[in-house]
Every structure is written in C-alpha cells, then in structure tokens.
Amino acid sequence: MAKSTTRRSGVRRAGESAYGLLLVGKNTVMAGVALLLLVAGVWTSWGTAQHAMLSKGRERGTVTVAKCGEEMCTGPFVPADAAAPERPKVKIEKAVTHKQGERLLVAVKPGTDQVIRTGWAGVLHAWLPLGGALFLAALVVAGGLRMRRTAWGLGLLGAALLGASFATL
C-alpha cells in the first residue's frame with residue numbers, strides 16, 4: 001500500500017512557526033515578570049532582614065516603647081554590650097510593637113537612630129515583602145505560564161510567610 005503524504009502550504013507553515021514563536025515569547029515574558037517580582041521581593045526584604053538576622057558588627061540591645069506616632073514609635077535603647085553607649089531615643093516601626101511600655105529585642109541600623117526588631121518576629125516581619133512577591137508571582141505563574149502546581153506552591157509559601165509574620169507579631 002502506498003502512503004500518501006500531504007504537504008502543507010508555505011503560508012500555513014509560516015503561520016504555525018509565527019504562532020509558536022509568539023507562544024515562546026509570551027512564556028519568556030511571563031517567566032521574566034515572575035522572576036522580577038521574586039528578585040524585587042528579596043531585594044526589598046534583605047534591606048531590613050540582614051539587620052534582624054545577622055549579628056556580627058551590629059549593635060544589639062533592647063528598646064522600651066515610650067511613645068507612638070502614626071507610623072513610628074520611640075523609646076530609649078539599652079545596648080546588650082556594656083561598652084556600647086546608651087541611646088536616649090531611637091525609632092522603631094509601629095507595625096512591630098503592640099503597646100507602650102513593651103520591651104523588644106532590637107538591632108540598630110548602622111549610621112541611624114532606627115532599630116529593627118530581632119528574633120523570629122523581627123525576621124519574619126523583615127521578609128514580608130518576599131511573601132507578597134511570592135503571592136503575586138503565583139498569579140503570574142498560574143495565569144501566564146499555566147503552571148498551576150508551581151503556582152500553588154508559590155502561593156502557599158507566600159501565604160505561610162505572611163501568616164507566620166502576623167502570628168508572631
């Protein structure tokens with residue numbers, strides 16, 4: 001029996017190639033957007049997280065919340081190292097405190113009078129931007145790349161990070 005072969009026209013082959021190229025381009029752009037979201041989340045988080053996580057070369061101690069404004073609270077800082085000077089007034093984000101009179105373990109941002117909360121609560125709070133970026137990247141991965149299982153993993157990881165941060169504060 002003879003096999004019959006049908007040839008596709010040149011226009012049809014070019015159209016299929018162009019469609020394939022568009023799909024590859026769309027997937028590349030969506031992967032780039034998801035990667036950009038994740039890199040931005042890590043970059044933003046690291047600015048605060050490094051002070052909360054790493055102790056070498058950083059001044060650590062406790063702050064007692066004395067007064068709170070709209071976004072920041074202030075209070076005296078007592079260093080953990082007896083040789084370091086005490087600071088009568090330092091600033092801390094209001095989001096990481098509960099009430100006036102609370103004593104928090106903190107690290108001083110070098111060259112400023114701002115302190116960052118340390119411990120599990122401080123570290124998780126510092127990584128909040130990454131949690132949001134994971135959550136947004138999950139939407140891009142699910143909608144743009146059609147990788148639903150990966151998107152569920154990213155979304156659940158982001159939601160867990162956000163939930164853990166709010167639970168510890």
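**Entry 1: disulfide**

I searched the whole structure for disulfides, taken as pairs of cysteine sulfur atoms within 2.5 Å, and the search found one. A note on the source: this is a predicted model, in which local features need pLDDT of at least 70 and side-chain atom pairs count only at pLDDT 80 or more, while totals for chains, interfaces and linings use all residues. Residues are numbered from 1 along each chain as its sequence is written, and side-chain values use heavy atoms, with hydrogens and water left out.

I looked up which cysteines are linked and found C68 and C73, with sulfur atoms 2.1 Å apart. I wrote down what such a link is: a covalent bond between the sulfur atoms of two cysteines. The angle about the S-S bond is 105°, and the link of C68 and C73 is right-handed.

Next I checked accessibility, where buried means under 20% relative accessible area, exposed means over 50%, and partly exposed lies in between (1.4 Å probe, protein chains only). C68 has 28% and is partly exposed. C73 has 0% and is buried.

**Entry 2: T74**

I moved on to T74, which belongs to strand 3, residues 72–79. Helices (H or I, at least four residues) and strands (E, at least two) are DSSP runs, numbered from the N terminus. T74 is buried because its relative accessibility is 18%.

Which residues does T74 touch, not counting those up to four places away in sequence? I listed T64, V65, A66, K67, K89, V90 and K91. Contact here means heavy atoms within 4.5 Å.

**Entry 3: helix 1 and helix 2**

I took helix 1 (residues 10–53) and helix 2 (residues 119–126), which pack at an angle of about 165° with their axes 8 Å apart. That makes helix 1 roughly antiparallel to helix 2. Axes are lines fitted to C-alpha atoms, for helices over the stretch in contact, and angles run from 0 to 180 degrees between N-to-C directions. Angles under 35 degrees count as roughly parallel, over 145 as roughly antiparallel, 65 to 115 as roughly perpendicular and the rest as oblique.

I then looked up the residues in contact: S45, T48, A49, A52 and M53 of helix 1 meet G122, V123 and A126 of helix 2. By class, this contact of helix 1 with helix 2 has five nonpolar, three polar and no charged residues. For the classes, Ala, Val, Leu, Ile, Met, Phe, Trp, Tyr, Cys and Pro count as nonpolar, Asp, Glu, Lys and Arg as charged, and the others, Gly among them, as polar.

**Entry 4: helix 1 and helix 3**

I repeated this for helix 1 and helix 3, which pack at about 175° with their axes 7 Å apart. Helix 1 and helix 3 are therefore roughly antiparallel to each other. Their contact has 15 nonpolar, five polar and one charged residues.

I picked out V140 in helix 3 (residues 128–144). V140 is buried, at 17% relative accessibility. Leaving aside neighbours within four places in sequence, V140 is in contact with M30, V33, A34, L37 and L145. I also noted that V140 and G32 are 108 residues apart in sequence and 10.0 Å apart in space, C-alpha to C-alpha.

**Entry 5: R146**

Last, I looked at R146, in the loop between helix 3 and helix 4 (148–168). R146 is not a glycine, yet it has a positive phi of about 60°. Most residues other than glycine have a negative phi. Is R146 buried or exposed? R146 is exposed, with a relative accessible area of 55%.
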